[in-house]
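Please read the report below with the sequence and the structure open beside it. It moves from pairs of elements to single residues and ends with the chain as a whole.

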Amino acid sequence: LRQFAYEVLHSEEIFINNNLPFEPMKIYKSYKEYMIDGDNYTSQKRFHKAIESYKLAIEINQNNCEMAYNNIANCLVEFGEIDEAIEYYNKAISLNDKYIDALFNLSIRYEKMKRYDLTIDLYQKILLLNKNHKETNHNIEVTINRLRNDKEEILYQIENQIYFNANNILYFQSLESGLVKSEDYENLEILLNHTIEKFPNNIYF
């Protein structure tokens, strides 16, 4: 009887013969099923379809969907929609601030944007959650070494005033170390004055 009822409700011919408008029934899946669909589309590089599935998953479970937000962001990166991807990574983190995958993926975006202050912020958060996180331990060392030893990167931070909106102490310490090493005392003075003003009670400046 249940099967008969299903076939009747899904039969376009029966509706047409009785002069009734036919609207196919929408089949709802579970959060997990939509996530699996999204993952399958992602593996096939059908990113638009993957995003659709992840968004349906979010509709089903809006309070515990950080993985869906993270996966949407990953798909958006494939399209080069970086600003929107960052929004979705942040949505994932706002739901779960201990979600390492989203924290790490966001750090990669900021790294490529040369926002090393924000990158270091995220690396430090990850290491508080998991001090043995291999990729983060490697990346934070690379980023700090870049600020201390790569003259072009150091000048980029200064000339574009990236430091002006930064709040990470390790970022400033690394950048100042780089300016000392390159003997750029003029920019060092500018940066020191800025950091002393920003962190008036910090003994390290």
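In this predicted model, helix H6, which covers residues 82–95, packs against helix H7, which covers residues 100–112, at an angle of about 155 degrees and with their axes 9 Å apart. Because angles over 145 degrees count as roughly antiparallel, H6 and H7 are described as roughly antiparallel to each other. The crossing in which H6 passes H7 is left-handed. On the side of H6 the contact is made by Ile 82, Ile 86, Tyr 89, Asn 90, Ala 92 and Ile 93, while H7 contributes Ala 102, Leu 103, Asn 105, Leu 106, Arg 109 and Tyr 110. Sorted by class, the residues in this contact of H6 with H7 are 9 nonpolar, 2 polar and 1 charged.

Another pair of helices can be described in the same terms. Helix H3 (residues 31–43) packs with helix H4 (residues 47–60) at an angle of about 165 degrees, and their axes lie 8 Å apart. H3 and H4 are therefore roughly antiparallel to each other, and H3 passes H4 in a left-handed crossing. Among the residues that make the contact are Tyr 31, Tyr 34, Met 35 and Tyr 41 of H3, together with Phe 47, Ala 50, Leu 56 and Ile 60 of H4. By class, the contact of H3 with H4 holds 10 nonpolar, 3 polar and 3 charged residues.

The two pairs are set out in the table.

| Helix pair | Angle and axis separation |
|---|---|
| H6 and H7 | about 155 degrees, 9 Å |
| H3 and H4 | about 165 degrees, 8 Å |

Leaving aside residues up to four places away in sequence, Thr 119 touches Ser 107, Tyr 110, Glu 111 and Thr 143. Thr 119 and Phe 104 are 15 residues apart along the chain, and their C-alpha atoms are separated by 8.9 Å.

Ser 174 belongs to helix H11, which spans residues 169–181, and Ser 174 is buried, with a relative accessible area of 0%. When residues up to four places away in sequence are not counted, Ser 174 touches Ile 144, Leu 147 and Arg 148.

Most residues other than glycine have a negative phi. Lys 114, however, has a positive phi of about 65 degrees although it is not a glycine, and it is found in the loop between H7 and H8. Lys 114 counts as partly exposed, at 26% relative accessibility. Gln 161, which is not a glycine either, has a positive phi of about 50 degrees, and its place is in the loop between helix H10 (151–159) and H11. Gln 161 counts as partly exposed, with a relative accessibility of 46%.

Finally, the chain can be viewed as a whole. Its secondary structure comes to 12 helices and 0 strands. Of its 205 residues, 40% count as buried, and its accessible surface comes to about 13000 Å², of which 49% belongs to carbon and sulfur atoms. Among contacts between residues at least 6 apart in sequence, 48% join residues that are at least 24 apart.

Key: Residues numbered from 1 in each chain as written. Predicted model: local features only at pLDDT ≥ 70, side-chain atom pairs only at ≥ 80, totals over all residues. Heavy atoms only, no water. Axes fitted to C-alpha atoms, helices over the stretch in contact; angles between N-to-C directions. Helix = DSSP H or I, 4+ residues; strand = E, 2+ residues; numbered from the N terminus. Parallel < 35°, antiparallel > 145°, perpendicular 65-115°, else oblique. Left-handed = near helix turned anticlockwise from the far one by under 90°. Contact = heavy atoms within 4.5 Å. Nonpolar A, V, L, I, M, F, W, Y, C, P; charged D, E, K, R; others polar. Buried < 20%, exposed > 50% of the residue type's maximum accessible area, 1.4 Å probe, protein only. Areas by Shrake-Rupley, 256 points an atom, 1.4 Å probe, with all protein chains shown as cover.
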